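Here is a short report on one protein chain. Take a look at the sequence and the model before reading on.

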Amino acid sequence: MSLARGARSVTSQRVDASPGVDLLLAIGAEQPDLLLTGRTLRDQGVMLTGLLEAGRPVPLVLRGGDRPPRAA
């Protein structure tokens with residue numbers, strides 16, 4: 001299978017490279033139990049790219065500092 005430059009294929013699901021996807025794949029490479037694939041990788045990558053492009057620092061995003069508080 002040949003993919004366009006900047007694209008990744010995981011379980012036959014095309015996931016375009018982006019800052020968020022790249023960061024999530026790097027995390028998955030370091031901690032395989034956290035590896036995301038397919039639609040989940042794509043969707044979370046889009047969300048993470050948005051946070052990064054909005055200026056959120058990577059350590060804050062990774063720590064979950066952008067999550068809304070849980071309802072009690």
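In which helix does Leu41 lie? Leu41 lies in helix α2.

## Basis of the model

This is a predicted model, in which local features need pLDDT of at least 70, side-chain atom pairs count only at pLDDT 80 or more, and totals for chains, interfaces and linings use all residues. Residues are numbered from 1 along each chain as its sequence is written, and side-chain values use heavy atoms, with hydrogens and water left out.

## Architecture

The chain has 3 helices and 2 strands. Their order from the N terminus is β-β-α-α-α. Both kinds of element are DSSP runs, numbered from the N terminus: helices are H or I with at least four residues, strands are E with at least two.

The chain has 72 residues, and 25% of them count as buried. Buried means under 20% relative accessible area, exposed means over 50%, and partly exposed lies in between (1.4 Å probe, protein chains only). The chain exposes about 5300 Å². Carbon and sulfur atoms supply 53% of that area. Accessible areas come from the Shrake-Rupley method with a 1.4 Å probe; for residues, only the protein chains shown count as cover.

Contact means heavy atoms within 4.5 Å. Among contacts in the chain with a separation of 6 or more, 42% join residues 24 or more positions apart.

## The nonpolar core

The largest nonpolar core has 9 residues: Val15, Val21, Leu23, Leu24, Leu25, Leu41, Leu48, Leu51 and Val61. Two elements give two or more residues to this core, α1 (19-30) and α2 (38-53). The most come from α1, with 4 residues. A nonpolar core is a set of buried Ala, Val, Leu, Ile, Met, Phe, Trp, Tyr and Cys residues joined through side-chain atoms within 4.5 Å.

Leu41 counts as buried because its relative accessibility is 0%. Leu41 and Val15 are 26 residues apart in sequence, yet their C-alpha atoms are 7.4 Å apart. Val21 touches both of these residues. Outside four places in sequence, the contacts of Val21 are Val15, Asp16, Leu41, Gly45 and Thr49.

## Helix α1

Helix α1 has 12 residues. From first C-alpha to last, α1 reaches 17 Å, close to the 16 Å expected at 1.5 Å a residue. The expected span is 1.5 Å times one less than the number of residues in the helix.

Which residues in α1 are buried? They are Gly20, Val21, Leu23, Leu24, Leu25 and Gly28.

## Thr49 and Ser18

Thr49 lies in helix α2. Ser18 lies in the loop between β2 (13-16) and α1. Their side chains make a polar contact at 3.1 Å. A polar contact is a pair of N or O atoms within 3.5 Å; within protein, one must be able to donate a hydrogen and the other to accept it, and residues adjacent in sequence count only if both atoms are side-chain atoms.

Are these two residues buried or exposed? Thr49 is buried, with a relative accessible area of 10%. Ser18 is also buried, with a relative accessible area of 18%.

Leaving aside neighbours within four places in sequence, Thr49 is in contact with Ser18, Pro19, Gly20 and Val21. Thr49 and Gly20 are 29 residues apart along the chain, with their C-alpha atoms separated by 4.2 Å.

## Salt bridges

How many salt bridges are there? The count comes to 2. A salt bridge is a side-chain nitrogen of Lys or Arg within 4 Å of a carboxyl oxygen of Asp or Glu.

One joins Arg14 and Asp16, with the closest N and O atoms 2.9 Å apart. Arg14 is partly exposed, at 44% relative accessibility. Asp16 is partly exposed too, at 44%.

Arg42 and Asp43 form a salt bridge as well, at 3.2 Å from N to O. Arg42 counts as partly exposed because its relative accessibility is 32%. Asp43 is partly exposed, with a relative accessible area of 38%.
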